[in-house]
Amino acid sequence: MRDESGYLAVPLAVVREIASSEGLGVREFEAELLNNGIIPYRYLRNIGTLGTDGQAKLLTTSAAVVGCGGLGGLIVELLARAGVGRLTLIDGDVFSDSNLNRQALCTEAALGLAKAEAAAARVRAINGAVETVPYAAMLTEGNAKAFLEGNSIVFDALDNLPSRRLLLKAARGLGITVIHGAIAGWWGQVCVAEPGSEILTSLWEGKGEKGAETTVGTPGFTPSAVASLQVALGIRTLLGLETPASKYLFLLNLEGPGLERLPLER
């Protein structure tokens, strides 16, 4: 059936039924439909921005999210709704009361649950076609290669510099682009670090283990804004769309509000 925009679109129930009858996975069948100009209804509002080719390509991509708390939980939600085909979810922490103000995956009923497992469950509830690989463990020197291998990009949703540095080192070794995000109070920052880039190394030089969030806090609205920018830049990276993002540090000020784009040396 055609929607008001003129697209030939198919409801989820029909997609599932035909995929099952043909012995195909839902994601595989969705990509086949898109390649033939037919839109699964779940992606209908993406098409004007991403196009059918872009949406089909997104279904074949893989991304990792390291840290499934304030930033990471929101990133996971947005990636699942966008239709990124495979998500590796890494976090060794469990939900506590202090997470309730800002972590989208944290509910009163979820207190004590592993964040990585909760993230995987949320993805399955949103988009059953997306494959999830959860690791309820902290990223370490010993497991980083195994956890990250096979992904095109990794989202840095961590909250301390030692872990960020470890992630950056592992991503460099694997040739994976890092989509960095950090939050504190009314402020956030986002940066795209391509393999071999020294941008993040320069930003973190001489800094302590924790950022300003330890003193100014992390209200719920700041991670929402930063996660959205990270995902937008991440999707452009996955689709190979031209972007100057790797040349800039994006600074978000929600007191203003305003977004500054600071040029960086490569």
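Entry 1: I looked up F147 and found it buried (under 20% relative accessible area, with exposed over 50% and partly exposed in between, for a 1.4 Å probe and protein chains only), at a relative accessible area of 12%. The model is a predicted one, in which local features need pLDDT of at least 70 and side-chain atom pairs count only at pLDDT 80 or more, while totals for chains, interfaces and linings use all residues. Residues are numbered from 1 along each chain as its sequence is written, and side-chain values use heavy atoms, with hydrogens and water left out.

I then searched the whole structure for aromatic pairs and noted two. Rings of Phe, Tyr and Trp (its six-membered ring) pair if their centres lie within 6.5 Å; planes under 30 degrees apart are stacked, over 60 edge-to-face, and the rest tilted. Y135 and F147 form a stacked pair, with 3.8 Å centre to centre and 15° between the planes. This pair links distant parts of the chain, 12 residues apart: Y135 is in strand β5 (residues 131-135) and F147 in helix α6 (residues 144-148). I took helices (H or I, at least four residues) and strands (E, at least two) as DSSP runs numbered from the N terminus. Y135 is partly exposed at 25%.

W186 and F221 form a tilted pair, 5.1 Å centre to centre with 35° between the planes. W186 is partly exposed, with a relative accessible area of 42%, and F221 is partly exposed at 41%.

**Entry 2: charges over rings.** I counted a charge as over a ring if NZ of Lys or CZ of Arg is within 6 Å of the ring centre and within 35 degrees of the ring normal. R261 lies over the face of Y248, at 4.2 Å from the ring centre. R42 lies over the face of Y43, at 5.9 Å.

Entry 3: On a 1 Å grid over the protein atoms alone, a cavity is a set of points where a 1.4 Å probe fits but cannot get out, and lining residues have an atom within 4 Å of a point. Grid points are joined across faces, edges and corners, and a volume is the space filled by probe spheres set on the points. I found one cavity of 30 Å³ or more. The largest cavity holds about 30 Å³ of space. Its lining includes L168, A171, R172 and E194. Helix α7 (residues 161-174) gives the most to this lining, with three residues.

Notes: 1 Å grid on protein atoms, 1.4 Å probe; cavity = no way out; pocket = protein on both sides within 12 Å on 5 of 7 lines; lining within 4 Å.
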